[in-house]
Amino acid sequence: MTTFPDLITIGTMARLSGLTPGALRFYGDCRLLVPAVVDPVTGYRYYTVDQRERAVTIRQLRELDVPLDDVGRILDGDAESGAALLDEHVAELHRRAERATRLASAVKARLVTPPTVVVPGRLLADTVERVLPSVATDSKIPCLTGILVEVDAGAVVLTATNRYRLTTGSVTAAARTGNPFRTVADGSALRGTAAWLREHENVGLALDDDSGALTLTGADGERHRCPAVGGTFPDYGSMLAALDPPVTRVIVHRDALAGAVRDAAAGTIDLRVRAAALTVGHRGHDRVLPADVTGADLDLSFDRDGLGAALDTAVGPEVLLDIASYDRPVVIRSAAAGDLTTLAMPVRREEHP
C-alpha cells in the first residue's frame, strides 16, 4: 500500500472538519472538496491539512441549508459576490421562519378554541373612527397605514400612529374565547366596515389563520375581512410608559378649542397656557378660551391640521390636555371617554412678527 506522509487520511479529515467520511466522499464526487490524492490501487482518499478550512466552511454552509450549487459559488467566487449570495440565502431563511411561525400559530390555534372576541358593533365603529385620523397616509412605513388590534384581558384595544400623533382606545368585550391575539389591520378596510358595524348589536373578531387578517362576523353570519399590514408596529406601550409626568393640566371646552384651531390659518399655531385661560394664537390673531388650568404657565406650538385631527378624536364636551413641556408629546384625553388617548407632538416654536 502506498503511503503519503505529508497528507492526512479521510478519517482524520472527518475528525478535523466535523464531516463524516461519507459526506467527504460525496463532496469529493461533487467537486466541492476534491482529495489531494486518491491512491490508484486502494482508492483511499488523502487530503492536505490546508483543506480543513474549506471542509469546515462546507459543513457550516450546509448546516444553513445552502444548496450545493450556491456552496460552490460562495467558495469559488470573489468574496463580495459570495457574501451577497449568503445574505440573500439568510434573508430567505428568515422569511421561511416567519411563515413557519405563523403557520404553527394557526395550527395551534385550531388545536384549541379558535381565538375570537365579541364586542358591541356601535362602540367598535366609534373607536375605529376615533383612531383613524392618526393612521399614516404615507406608505413608506406600511405598518403605520394600519390599525393595531389587540385582544386581551376582556377588551379590544385599537391603536394608530403616523409618528407625529398617536391615538389608542379600547372596547370592553361582551365575550371572549381562546387565546389573546394581535394584528395590524388595514386602515382603509376597517374604515369601510364602520357603517356595517353600526347595524349589528354585537360583532365577533377573529384572527384569520396564517395570513394575520382580521375577520369581523355579524350575528347573521355575514363576514368582512380586513387584510393584515406587514411590518412591526411601534411599541406604543413603552412610549406611553416613558412619557414625562405633566407639569400642567388644562381642561377646556372641546368644541371651543377645536373651533379656534380650525379657524386659524394653515401652518403653525401657538397655544399659551395661563391661569384660567388658554390662548390660541396665529400671527397676532388670538382667541382666548376659558379653561381650568393646574400647574405652570407654558407656551407651545402645533401644526394646525395635526392638532385639529387630534382633537377630532376626542368625545364629550370637555377635553383634558396633560403637558410635560413645550417639546414633549401632549396627552389629549376625553373627559367623557378616559380610555381614549391621543398623543400630539408640538412643533418648534416660531417667532411671529
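Trainee: How many of the nine residues of α11 are buried?

Mentor: Seven of the nine are buried, so α11 is largely enclosed by the rest of the structure. Keep in mind that this is a predicted model.

Trainee: Which residues in α11 are buried?

Mentor: The buried set is Arg304, Gly306, Leu307, Gly308, Ala309, Ala310 and Leu311. Now look at the start of the helix. There, a side-chain oxygen of Asp303 comes to within 3.3 Å of the backbone nitrogen of Asp305.

Trainee: What do the buried residues of α10 pack against?

Mentor: First pick out the buried residues, then ask what they touch. In helix α10, residues 254-263, the buried ones are Arg254, Leu257, Ala258, Gly259, Ala260 and Val261. They pack against the strands β13 (248-253), β14, β15, β16 (285-295) and β18 (318-323), and against the helix α11 (304-312).

Trainee: How are two packed helices described?

Mentor: By the angle between their axes and by the distance between those axes. Take helix α1 (residues 10-17) and helix α3 (residues 51-63). They pack at an angle of about 55 degrees, and their axes are 9 Å apart. That angle makes α1 oblique to α3. The crossing of α1 and α3 is right-handed.

Trainee: Which residues of α1 and α3 make the contact?

Mentor: From α1 come Met13, Leu16 and Ser17. From α3 come Gln51, Arg52, Ala55, Val56 and Arg59. Sorted by class, the contact of α1 with α3 has four nonpolar, two polar and two charged residues. An α-helix has 3.6 residues a turn, so residues three or four places apart point the same way.

Trainee: At what angle do α3 and α4 cross?

Mentor: At roughly 140 degrees, and the axes of α3 and helix α4 (residues 68-76) come within 10 Å. Do not call this pair antiparallel. The cut-off for roughly antiparallel is over 145 degrees. So α3 is oblique to α4. The crossing of α3 and α4 is right-handed. In this contact, Arg54, Thr57, Ile58, Leu61 and Arg62 of α3 meet Leu68, Val71, Ile74, Leu75 and Asp76 of α4. By class, the contact of α3 with α4 has six nonpolar, one polar and three charged residues.

Trainee: Now a charged residue. Does Glu150 count as buried or exposed?

Mentor: Read the relative accessibility against the cut-off. Buried means under 20%. At 18%, Glu150 counts as buried. Glu150 lies in strand β5, residues 146-152.

Trainee: Which side chain forms a polar contact with Glu150?

Mentor: That of Arg182, with a polar contact of 3.4 Å between the two side chains. Beyond residues up to four places away in sequence, Glu150 touches Ala155, Val156, Val157, Thr159, Phe181, Arg182 and Tyr236.

Trainee: Where is Thr145?

Mentor: Thr145 is in the loop between α6 (121-131) and β5. A polar atom of the Thr145 side chain lies 2.5 Å from the backbone oxygen of Pro142. Leaving aside neighbours within four places in sequence, the contacts of Thr145 are Val135, Ala136, Asp138, Ser139, Asp186, Gly187 and Val229.

Trainee: Which residue other than glycine has a positive phi near 65 degrees?

Mentor: Ala276. Ala276 is in the loop between β14 (268-274) and β15 (277-282). At 51% relative accessibility, Ala276 counts as exposed. Look also at Arg163. Arg163 is not a glycine, yet has a positive phi of about 85 degrees. Arg163 sits in the loop between β6 (155-161) and β7. With a relative accessible area of 59%, Arg163 is exposed.

Trainee: What separates the C-alpha atoms of Ser170 and Ala155?

Mentor: Ser170 and Ala155 are 15 residues apart along the chain, and their C-alpha atoms are separated by 6.5 Å. Ser170 lies in strand β7, residues 165-172. Its relative accessible area is 26%, so Ser170 is partly exposed.

Trainee: How many residues apart in sequence are Asp297 and Gly146?

Mentor: 151, and they are 37 Å apart in space, C-alpha to C-alpha. Asp297 is in the loop between β16 and β17 (298-303). Asp297 is partly exposed, at a relative accessible area of 49%. Not counting residues up to four places away in sequence, Asp297 touches Val273, Arg274 and Ala275.

Notes:
Residues are numbered from 1 along each chain as its sequence is written. This is a predicted model: local features need pLDDT of at least 70, side-chain atom pairs count only at pLDDT 80 or more; totals for chains, interfaces and linings use all residues. Side-chain values use heavy atoms; hydrogens and water are left out. Helices (H or I, at least four residues) and strands (E, at least two) are DSSP runs, numbered from the N terminus. Buried means under 20% relative accessible area, exposed over 50%, partly exposed in between (1.4 Å probe, protein chains only). A polar contact is a pair of N or O atoms within 3.5 Å; within protein, one must be able to donate a hydrogen and the other to accept it, and residues adjacent in sequence count only if both atoms are side-chain atoms. Contact means heavy atoms within 4.5 Å. Axes are lines fitted to C-alpha atoms, for helices over the stretch in contact, and angles run from 0 to 180 degrees between N-to-C directions. Angles under 35 degrees count as roughly parallel, over 145 as roughly antiparallel, 65 to 115 as roughly perpendicular and the rest as oblique. A crossing is left-handed if the near helix is turned anticlockwise from the far one by less than a right angle, and right-handed if clockwise. Ala, Val, Leu, Ile, Met, Phe, Trp, Tyr, Cys and Pro count as nonpolar, Asp, Glu, Lys and Arg as charged, and the others, Gly among them, as polar.
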